[in-house]
Amino acid sequence: VPIGAKGAAEERVQYEHTLTAHHHSLPPVYSTPDMIGLMETAGFHALQPFCDAGEISVGTAVSVEHRVPVGINAVVRATAEVEAIDGRFYRIHVAAYEGKREIGAGTITRTIVRVDDFLKKHDIPKP
């Protein structure tokens, strides 16, 4: 995987992506866990072209700030760029945007695993 490998993901904020969906007393804004999930998807897309058959990347660490709220129907785009490699771990800079406005950013770490070996090692049955 080369430094600079990029990925992206996008979603339109729906009710189920909001804080309100988690608890009725919270405001109807895009939740941090959903933003992080979109960033993780962008990171997956950055690494997947370099995986062999039967391999995927999985997340191992997250350090992200969510600074700007957005509401239902906003389109959020996450970007990811590999910035460092430490053994089998890939540190990826991620950011989320509504239009050109950055709503959050940080780093995630992912590693590449063979799915069958990963499931066996953790005693997880295949679907």
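Start by selecting glutamate 55, which sits in strand 2 (strands are DSSP E runs of at least two residues, helices H or I runs of at least four, both numbered from the N terminus). You're looking at a predicted model, where local features need pLDDT of at least 70, side-chain atom pairs count only at pLDDT 80 or more, and totals for chains, interfaces and linings use all residues. Residues are numbered from 1 along each chain as its sequence is written, and side-chain values use heavy atoms, with hydrogens and water left out.

Is glutamate 55 buried or exposed? Glutamate 55 is buried (under 20% relative accessible area with a 1.4 Å probe, protein chains only; exposed is over 50%, partly exposed in between). Even so, glutamate 55 has no salt bridge (a side-chain nitrogen of Lys or Arg within 4 Å of a carboxyl oxygen of Asp or Glu). Now show arginine 114: this is the nearest side chain of opposite charge, 4.3 Å away (Lys and Arg count as positive, Asp and Glu as negative; His and the chain ends are not counted). Skipping neighbours within four places in sequence, glutamate 55 is in contact with Gln48, Ile112, Val113 and Arg114 (contact means heavy atoms within 4.5 Å).

Next, pick helix 2, residues 32-47. Its 16 residues should span 22 Å at 1.5 Å a residue, and the end C-alpha atoms are 23 Å apart, which agrees (the expected span is 1.5 Å times one less than the number of residues). Colour Met35, Leu38, Met39, Glu40, Ala42, Gly43, Ala46 and Leu47, the buried residues of helix 2. An α-helix has 3.6 residues a turn, so residues three or four places apart point the same way. The cover over those buried residues includes strands 1 (6-12), 2 (55-66), 3, 4 and 5.

From there, go to the largest nonpolar core, with 23 residues (buried Ala, Val, Leu, Ile, Met, Phe, Trp, Tyr and Cys joined through side-chain atoms within 4.5 Å). Two or more of its residues come from each of helix 2, strand 3 (75-86), strand 4 (89-98) and strand 5 (101-114). Helix 2 gives the largest share, six residues. Tyr30, Val70, Val76, Ile92 and Ile103 have the most contacts inside the core. Centre on valine 76: not counting residues up to four places away, its partners include Ala9, Tyr30, Leu38, Val70, Ala96 and Ile103.

Finally, zoom out. The elements run β-α-α-β-β-β-β-α from the N terminus, and buried residues make up 35% of the 127 residues.
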